[in-house]
Amino acid sequence: MGLCYFVLSRGNYFCSELGYRQCCCALFSLGGLVRVFTVLKLDLCCFALSCLQRYWILPQQKFACAFGFGIKEALAWLSDGGSTLEALPPPPPVIPPDVVPLRAEAEQLGEPVKKKVLRIPIARRGLGSKGQKATLLTNHFKVMVTNVEGHFFHYSVALTYEDGRPVEVKGVGRKVIDRVKETYDSELAGKDFAYDGEKSLFTVGSLPRNKLEFTVVLEDVQSNRNNGNRSPDGHGSPNESDRKRMRRPYNSKTFKVEISFAAKIPMNAIANALRGQESENSQEALRVLDIILRQHAAKQGCLLVRQSFFHNDPRNFAEVGGGVLGCRGFHSSFRTTQGGLSLNIDVSTTMIIQPGPVVDFLISNQNVRDPFSLDWAKAKRVLKNLRIKASPSNLEFKITGLSEKPCKEQTFTLKQRNGNDGDGESQIEVTVYDYFVNNRGIELRYSGDLPCINVGKPKRPTYLPLELCSLVSLQRYTKSLSTLQRASLVEKSRQKPNERMKVLSEALKTNNYDSEPMLKSCGISIHSNFTQVEGRVLPAPRLKVGNGEDFFPRNGRWNFNNKKLVQPTKIERWAVVNFSARCDIQGLIRDLTKCGELKGIHIEAPFDVFQENPQTRRAPPMLRVEKMFEDIQSKLPGAPQFLLCLLPERKNSDLYGPWKRKCLAEYGIVTQCMAPQRVNDQYLTNVLLKINAKLGGLNSILAVEHSPSIPIVSKAPTIILGMDVSHGSPGQSDIPSIAAVVSSRQWPLISKYRASVRTQSPKVEMIDSLFKRVSDTEDEGIFRELLLDFYTSSGKRKPDQVIIFRDGVSESQFNQVLNIELDQIIEACKFLDEKWCPKFVVIVAQKNHHTKFFQTNSPDNVLPGTIIDNKVCHPRNNDFYLCAHAGMIGTTRPTHYHVLFDEVGFSADDLQELVHSLSYVYQRSTTAVSVVAPICYAHLAATQIGQFVKFEDTSETSSSHGGLTSAGAVPVPQLPRLQENVCNSMFFC
């Protein structure tokens, strides 16, 4: 009774916000519970132990720390004699025994608080059976685990210098822990470690004590702290005075290491996960296994990028231009599957800086002929924080900047001993060039007139001549690649299926995981053969084109030769706009009109051809677009239906963003951009497919749409959504993310879509504007906009079923999709009509994974329509792999679909056929696409409207058009809304 009273009176906040179990922990940390037990004369230790036993819900180390803190506070209070005990609130009045309690009326009690039920991904309901069976191989290798009764022990690692400062330099941790293992092996009972390089260390079985402290010395740690008295590159100085000025030879450093017990992880959690019983323990156990793989690669000197490992082998490097190399390595991770634990190995590629002389990298990066043509402001930005080796000392430094003056003019203070007896010191100003040439005897051929590399601190610089510096290998290049670099990378990194299989087999042998001591301790052995799986090849859906003609795609492809479009449009009021592109414009118009007639599109003669004024060619893009529109408005009698825009560059034209914004957001004009360098019939057909879709036509549809006879979807009004978030390039942390949602319209069609696009906080993946209530009657969210369009375009019918395809989220974010994004969509529905309860299906599509499939009897890629829902799929969850497209280059990457939620009750076959069919409704091309069309469209819409942001004056938008983000931190500039006559079109096609 007393304890309950205390919790109610003092712990009300904790009980209501955290729940009783977490409340216990909070009260421990406050030390308040100790006082209550003293007053109530209860045994603190007994209660604490029972709590820990019953409510072991928080991570063990956190609970233990909180409990420990409470004990400390209690002891301090007891040593003080208990004099600081605050008066407890008065006890509640005693209720007389003859009082009969009254039942409160329902309205007095108020509405009961509904506890929100968190959604989790649904379990698999069954396997598909349709399609022709095919035996395949996959790059998963079976793993056997014999030590299932053991435990991983998790220890936290704290590294400090002698003076107590924490070690923050990356890469030092592994060297320190290796030295601890060498030096104190007996104190550690000969245990092998799995160390993550930061603050976590794992062992199989426990260490001798829960807390261990060690001191080690490393002789070869590179120091970034430079002695102010030292001459540049002083380490390599041959003279005695330089050697004396060095504080310590070899930069030896002392480290203190504290290893403390944190948690115990049972290995049988892996076996439980394989039975579909996932838990925090199973995730942690698999994380330990992946850390072992990372450590194994680190010992071989690899560059580690998450679970991908890259060796320093020039044979794996491929130049892609701009001083950037593609470095081929391997991804390696453990996966729980229906077939048991497996090791997934795949080829992986990352971008690295070209190693070697700094000057060679800069010349390549800026595409200039010699170092005297370099832009040094740009060079300074590119070089910052890169690591170099200095010649002749061969010591490694981090670049902090460049000198303001050339090497021959940049001076520093050099201390020298006076006289032959060495008494006293004098200081002289000397240039970096003179010091290296005269004092060091090093010849400098071209550095004299170039800036020096600064490897010191801003107030204590240390300068090195440019030609003595070489970039260290395996330094990641994290900026986005140009179009040409990306094309070069694809060209040089592609591998045919049989080549990839051979490389992966060799990689497994080279890695020699069977020799890894930690894997041996776990009782893990890895089979060397590719896992065999049973796949099925779904037949291509029948398509309908013009004149009621049906046809079947072959090998995931088709064409419109001698065929008309199923719903061609008319192009009547239009004009051509030429931004200085060199081509025969009249010939282009003639060929376009002729090609259009063959496809059923009637194209009238354009009103005019608007040529850019040569005087504005070098003006900023915005101004060029403004001038062009002034010319158009002065000559056209009214707004055109369509504008064909000719651009001088094929990709990444600076004019694209401003032009699209002007047409779509300001004037509501449909536009198609093209770069007419290589024009042929196929090119013109592809352009016309886009124009027809943008103007409201359809190129081809599924035969089951025309009937309509799509299982489940055709029986009740169904809206299909595609959702994607596009982020700025790496390093662009201030660029807003673009959230795009496309929705189907004109049900029972599933081939027509429209898009809604919004900005949100940079790098935020969850879409936060699906429901945006601004008043009791207004919702400015994305989903309401899409629902209203569906309602008006589908005969004033509300959708009974909502099928959501979500792109770009990892498995760790599935619960957020179900409990944040889906919640917003449901709220938007309820806001429109409280009684309306549509059924939802949520499917996540992933392309960024490492599972590949290979035919057993052919060197070619797997056939289009290949589907796998067994063996390598999740042991519990409903997922499948689909290769809908024909892999023409390299090895086909399947799309991994995860069915997270299904209230409709699709059978496995019906849902898989729907997903497969949605790969054939992409209006921009005559091929099946690798991921469902709604997701492709969402990506296109986000990318295209994202071009608007690049040209936005952020200083203006952030103050006047900003909308607070979900984090409530920084206002994000909003996008301009599209005009009404184009917002419902497929402008993104």
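**Close-up views of a predicted model**

**View 1. Helix H19 and the residue that follows it.** Just after H19, Gly-668 takes a positive phi of about 65°. This is a predicted model, in which local features need pLDDT of at least 70 and side-chain atom pairs count only at pLDDT 80 or more, while totals for chains, interfaces and linings use all residues. Residues are numbered from 1 along each chain as its sequence is written, and side-chain values use heavy atoms, with hydrogens and water left out. Helices (H or I, at least four residues) and strands (E, at least two) are DSSP runs, numbered from the N terminus. H19 covers residues 656–667, and its 12 residues reach 16 Å from the first C-alpha to the last, close to the 16 Å expected at 1.5 Å a residue, where the expected span is 1.5 Å times one less than the number of residues. The helix is mostly covered, with 9 of its 12 residues buried; buried means under 20% relative accessible area, exposed over 50%, and partly exposed in between, for a 1.4 Å probe and protein chains only. Among the buried residues of H19 are Trp-659, Arg-661 and Leu-664.

**View 2. The surroundings of Ser-403.** Ser-403 lies in strand E16, which spans residues 401–406, and because its relative accessibility is 5%, Ser-403 counts as buried. The side chain of Ser-403 reaches the backbone oxygen of Lys-405 at 2.7 Å, and the side chain of Ser-403 also reaches the backbone nitrogen of Cys-452 at 2.7 Å. Leaving aside neighbours within four places in sequence, Ser-403 is in contact (heavy atoms within 4.5 Å) with Gln-410, Pro-451, Cys-452 and Tyr-463.

**View 3. An open sheet of 3 strands.** The strands stand in the order E25-E24-E32, and their pairing is antiparallel. Strand E25 (550–551) and strand E32 (701–702) stand at the edges, each with a single partner strand, so one side of each is left without a neighbour in the sheet. Two strands pair if DSSP finds at least two bridges between them, and E24 (residues 543–544) pairs with E32 over 2 bridges. Lys-544 stands opposite Ile-701 in E32.

**View 4. Confidence along the chain.** The mean pLDDT (the predictor's confidence in each residue, from 0 to 100) of the protein is 84, and 82% of its residues reach 70 or more. Over residues 1–87 the pLDDT is below 50, and this stretch has 82 contacts in the model beyond near neighbours in sequence. Where pLDDT is low, the predicted coordinates should not be read in detail.

Key: A polar contact is a pair of N or O atoms within 3.5 Å; within protein, one must be able to donate a hydrogen and the other to accept it, and residues adjacent in sequence count only if both atoms are side-chain atoms.
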